Amino acid sequence: MYSNPTGSRCETYAAIRCGLLVRACKLCMDLLADVCVLKGHQQLALNRELIETLANLSYLCGDDEHGTRHLAFLQDSLIVEREFLKVVERQQMLNGGIELPMEARIRASIDETAQAAGVDLEQLPGRRRINWPSALDRIEMAFGRTAYPAFRTGSGAVQGTWHDLLRNHLVQVDGGFEPNFQAARPRPQPLLSAAIQLTTTAITYLRRQPDVPQQIFNQPLAAVLGFAFRADDLHERWLSACGVQHHRDPSVTG
């Protein structure tokens, strides 16, 4: 089922890990950009993406010599594309078998994605047979049991759940609700958790790299991690001194 015409399997797997790290860095920049304009509306949603991206990278860095985890990552990613393609094909049948230009572009994009991975979509196993852990398992393996609640909170921000509406977009008043058009205030917890989790995962990532990059980056990354933990501790002390309870972001671990 696996053949990569553009390079070896190891090259593809290394590219996956590199791509996840690049994605994580971009998400961190987006978090900073959101705060720099004195708004925090995107913080929880971006933090959700970041947590899963880094959890995936951390999980893949622990793969065996056979690349079992990387193959499961590819299969889990591409089975979504196969399901999407089936939706397009059903719509095409309802349209008398005529393929619309947009559908042709979608098919070409999916085929290109599968070809780059060296995977035949038709030979993919069913979702239940793909040994890819749940988000809960991946996140807890990477960052401990306290990280998953932050991921779930971010899900509400993405989906616009009742909790998100009540917290950020409505104001409860006597007899009902009023719209809240104020921008959400930036919160330090997502930034601290991003710093801690990105640095922790980068150190894990470096363990699969040659000695020279490790010698260059390990000490500075360890220093950044120490500063992030210290900042988080000081923030928690300040909240406690002010009498503020239960404000610790569950995605910050350590």
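**Confidence of the prediction**

- The average pLDDT of the protein is 87, and 92% of the residues reach a score of at least 70.
- Residues 1-7 have a pLDDT below 50; in the model this stretch makes 21 contacts beyond near neighbours in sequence.
- Residues 246-254 also have a pLDDT below 50, and this stretch has 33 contacts beyond near neighbours in sequence.

**Overall form and surface**

- Read from the N terminus, the order of elements is α-α-α-α-α-α-α-β-β-α-α.
- Along the principal axes, the C-alpha atoms occupy a box of roughly 65 × 60 × 30 Å.
- Contacts between residues at least 6 apart in sequence can be sorted by separation: 70% of them join residues at least 24 apart.

**The nonpolar cores**

- The largest nonpolar core contains 43 residues, and within this core L50 and I139 touch the most other members.
- Several helices contribute at least two residues each to this core: α1 (9-36), α2 (43-61), α3 (68-94), α4 (101-117), α5 (135-143), α6 (148-159) and α8 (188-206).
- The greatest contribution to this core comes from α2, which supplies nine residues.
- When neighbours within four places in sequence are set aside, I139 is in contact with I51, A55, G144, A147, Y148 and F151.
- Another core, of seven residues, lies apart from the largest one; among its members are A202, L206, L225 and A228.

**L191, in helix α8**

- L191 is located in helix α8.
- L191 counts as partly exposed because its relative accessibility is 27%, a value between the limits of 20% for buried and 50% for exposed.
- Not counting residues up to four places away in sequence, L191 touches L31, L32, V35 and Q43.
- L191 and H163 are separated by 28 residues in sequence and by 22 Å in space, C-alpha to C-alpha.

**Q209, between two helices**

- Q209 belongs to the loop between α8 and α9 (211-241).
- The relative accessible area of Q209 is 22%, so this residue is partly exposed; the category of buried would require a value under 20%.
- Although Q209 and A14 are 195 residues apart in sequence, their C-alpha atoms are 9.9 Å apart in space.

**G243, after the helix α9**

- G243 is found in the segment that follows α9.
- G243 is exposed because its relative accessible area is 51%, and the exposed category begins over 50%.
- G243 and A108 are 135 residues apart along the chain, and a distance of 58 Å separates their C-alpha atoms.

Terms used. Residues numbered from 1 in each chain as written. Predicted model: local features only at pLDDT ≥ 70, side-chain atom pairs only at ≥ 80, totals over all residues. Heavy atoms only, no water. Core = buried A, V, L, I, M, F, W, Y, C linked by side-chain atoms within 4.5 Å. Buried < 20%, exposed > 50% of the residue type's maximum accessible area, 1.4 Å probe, protein only. Helix = DSSP H or I, 4+ residues; strand = E, 2+ residues; numbered from the N terminus. Contact = heavy atoms within 4.5 Å. pLDDT = per-residue confidence, 0-100.
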